[in-house]
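Subject: Two-chain model, handover and findings

Hello,

Here is the structure I promised you. My notes follow below it.

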Amino acid sequence: MVLGHNRRGRRGSERASAEGQPLGPAGLRTARRGMRIAAELGLPLLTVIDTAGAALSREAEEGGLAGEIARCLADMVTLPAPTLCLLLGQGAGGAALALLPADRVVAARHAWLSPLPPEGASAILHRTTERAYEVADRQGVRSADLLADGIVDRVVEEGEGEGEEFLGRLGHILGAELAALRAQDSEERLAARRARHRRIGLPS
Amino acid sequence: MTGTHPRAGADKARKSAIDLVETFLDPGSRRGWDQPVEITTTDPDYRADLERARERTGLDESVITGEGCVEGRRVAYVACEFRFLAGSIGVAAGERLVRAVERATAERLPLLAAPASGGTRMQEGTVAFLQMVKVAAAITDHKAAGLPYLVHVRHPTTGGVLASWGSLGHVTAAEPGALIGFMGPRVHEALYGEEFPAGVQVAENLMNHGLIDAVLPTSRLAEVAARVLRVLCGDQDVPAGVDFRSGAETAEAGSAAAGRGGAGPRRSGPRPRSRSGPRGGRTGPGCGICCGSPRRNVSPLSGTGAGEHDPRAAARPRAGRRGALCGARAQPARAPRE
């Protein structure tokens, strides 16, 4: 089962891809449907994060966007099936976080994860968007930071203009990760998932 | 996230977290659970922010946790102190929250949460952001253990807190006029250069969209919490004299409890409504909680909690039924439906 942020505004061939962009409550409910199917059928779940952020509109608020993110977090962290998250590109805010809690997380080298896009964080902290790079630096948003902080388990290098070759390598890595997860005893795997999220930020 | 918001001037009038919690706990019953937290950051600006917040609030972090009693029933609480860096959640606050939730689960206590927060502690970045996952996990475990989780969303609650433990309550109330939204309006303005439309991210509007069960002033919290817990804790409240096995009733039970007439299984005739007792009680339609209707143990829920609602017929006056938990009309008065 694959769930991914669909950046192109049209359905991809993956089952249950989140609706166009930006991500709204219905897209997250689609994701949760995918999670339920994975849970019911014992299928491994792969989530792919690449989003500039959630929809910010009256409809999104009145449609319960925040609540859908909360329910995704709850569903993901308790999902009995093996789960693998690929942080592929942009990981902005709750729309990204909603697909993150997994047994293992793999990130592309240039991917990032942040509560707000760095420009937004810069605006909050310094009242200008100009300090985005500096804020990104200090906020631990980049793949190397995420690896050091135990948020990501593995970083996949992206060379310049690699395209197909990168995807091939990535597919191989994801396949290996999923195989390893399936081979694990499920009680141990679920306990490890909880422990991993429980200790993020605590001194090791 | 620190900063101004439309009701910044109300800060002086804002209740402290401790005072807020004291309003719904039995007097003298509160016991804090919080372990002291040290400042560990090497960032001098952040250290200064923390020291100022400590001095200002007398607390060492943005959340308080503990236990108390509601109508004699032992409960756990977690609450945000908005005056401490806008109630923002970092690693220390997240850890304090999770430990309290885990303890509530272990001791089998209903959990009452009172968030008021701008979301993630921006100074701590992505690691703080991830705290939302462990808090959501702990809450989920608590509910999975068959324990109630009640939320009272205060002004303002935005961002990561709303997108995690703020939105997972079995029953959710909110403060009148509270700003409640996924994206804080100031953040929206900073990113998009325009104001978010007014009247959307406010408690009453969200109640009308089925996201919140009731808008409750602080003065009603103790009483409503007590009633809701009576239902959610599954207190046995069997009407006197009814023998469920035979379906027969003694003379004392009569029609008082459930509006039935006569003995034996009922196959025809008027049936009690699913919320039995005359609609309206003593003071008005539709509210089983605060209007003192005869059924003290009814906890009406509003909407799906997830923002969906059935299509409405066009151009009909709507009853204030959505405000079922409090009976208060969230909008200018409309004609009651029945």
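This is a predicted model: local features need pLDDT of at least 70, side-chain atom pairs count only at pLDDT 80 or more; totals for chains, interfaces and linings use all residues.

Let me start with a single residue. Asp137(A) sits in helix H6 of chain A. Ile37(A) is 100 residues away from Asp137(A) in sequence, and the two are 39 Å apart in space, C-alpha to C-alpha.

**Helix H6 of chain A**

Just after H6(A) comes Gly140(A), with a positive phi of about 70°.

**Where the chains meet**

The contact draws 43 residues from chain A and 38 residues from chain B. On the chain A side, six helices each supply at least two residues: H2 (58–62), H3, H4 (93–97), H5, H6 and H9 (186–198). The largest share of that side is the nine residues from H3(A). By class, the side of chain A that touches chain B has 24 nonpolar, 11 polar and eight charged residues.

**The core**

The largest nonpolar core has 135 residues. Which of them touch the most other members? Ile69(A), Leu73(A), Leu87(A), Ala79(B) and Ala136(B) do. Helix H3 of chain A, residues 65–78, gives this core its largest share, nine residues. In soluble globular proteins, nonpolar side chains tend to be buried together.

Ala136(B) is then in contact with Ala70(A), Leu73(A), Ala74(A) and Val77(A) from chain A. From chain B, Ala136(B) has contacts with Ser164(B), Trp165(B) and Leu168(B).

**The sheet in chain A**

Chain A has an open sheet of five strands, in the order S1-S2-S3-S4-S5, with parallel pairing. Strands S1 (2–4) and S5 (154–156) of chain A stand at the edges, each with a single partner strand, so one side of each lacks a neighbour in the sheet. From one strand to the next, the twist averages 20°. S1(A) pairs with S2(A), residues 45–51, in the parallel sense over three bridges. There, Val2(A) has Leu46(A) in S2(A) as its bridge partner.

**Chain B**

Chain B has eight helices and nine strands. Of its 338 residues, 46% count as buried. Take the contacts in chain B between residues at least 6 apart in sequence: 66% of them join residues at least 24 apart.

An open sheet of seven strands runs S1-S2-S3-S4-S5-S7-S9 in chain B, with mixed pairing. S1 (31–32) and S9 (214–215) of chain B are at the edges; each has a single partner strand, so one side of each is left without a neighbour in the sheet.

- S1(B) and S2(B) run antiparallel and are joined by two bridges. Arg31(B) has Glu67(B) in S2(B) as its bridge partner.
- S2(B) and S3(B) also run antiparallel, joined by eight bridges. Ile64(B) has Ala79(B) in S3(B) as its bridge partner. Ala79(B) is also one of the core residues named above.
- S7(B), residues 171–174, pairs with S9(B) in the parallel sense over two bridges. Ala173(B) stands opposite Ala214(B) in S9(B).

Is S2(B) mostly covered or uncovered? Mostly covered: seven of its eight residues are buried. In the hairpin of S2(B) and S3(B), two residues lie between the strands, and Glu71(B) takes a positive phi near 55°. Helix H1 of chain B, residues 17–24, lies across S2 (63–70), S3 (73–80) and S4 (111–114) of chain B. H1(B) runs at about 155° to S3(B).

Best regards

Technical notes: Residues are numbered from 1 along each chain as its sequence is written. Chains are lettered from A and ligands numbered from 1 in the order in which they are written. A nonpolar core is a set of buried Ala, Val, Leu, Ile, Met, Phe, Trp, Tyr and Cys residues joined through C-beta atoms within 7 Å. A residue is buried if 20 or more other C-beta atoms lie within 10 Å of its own, exposed if 12 or fewer, and partly exposed in between; C-beta atoms are placed from the backbone. Helices (H or I, at least four residues) and strands (E, at least two) are DSSP runs, numbered from the N terminus. Two residues are in contact if their C-beta atoms, placed from the backbone, lie within 7 Å. Two strands pair if DSSP finds at least two bridges between them. Axes are lines fitted to C-alpha atoms, for helices over the stretch in contact, and angles run from 0 to 180 degrees between N-to-C directions. Ala, Val, Leu, Ile, Met, Phe, Trp, Tyr, Cys and Pro count as nonpolar, Asp, Glu, Lys and Arg as charged, and the others, Gly among them, as polar. Lists of a residue's contacts leave out its neighbours within four places in sequence.
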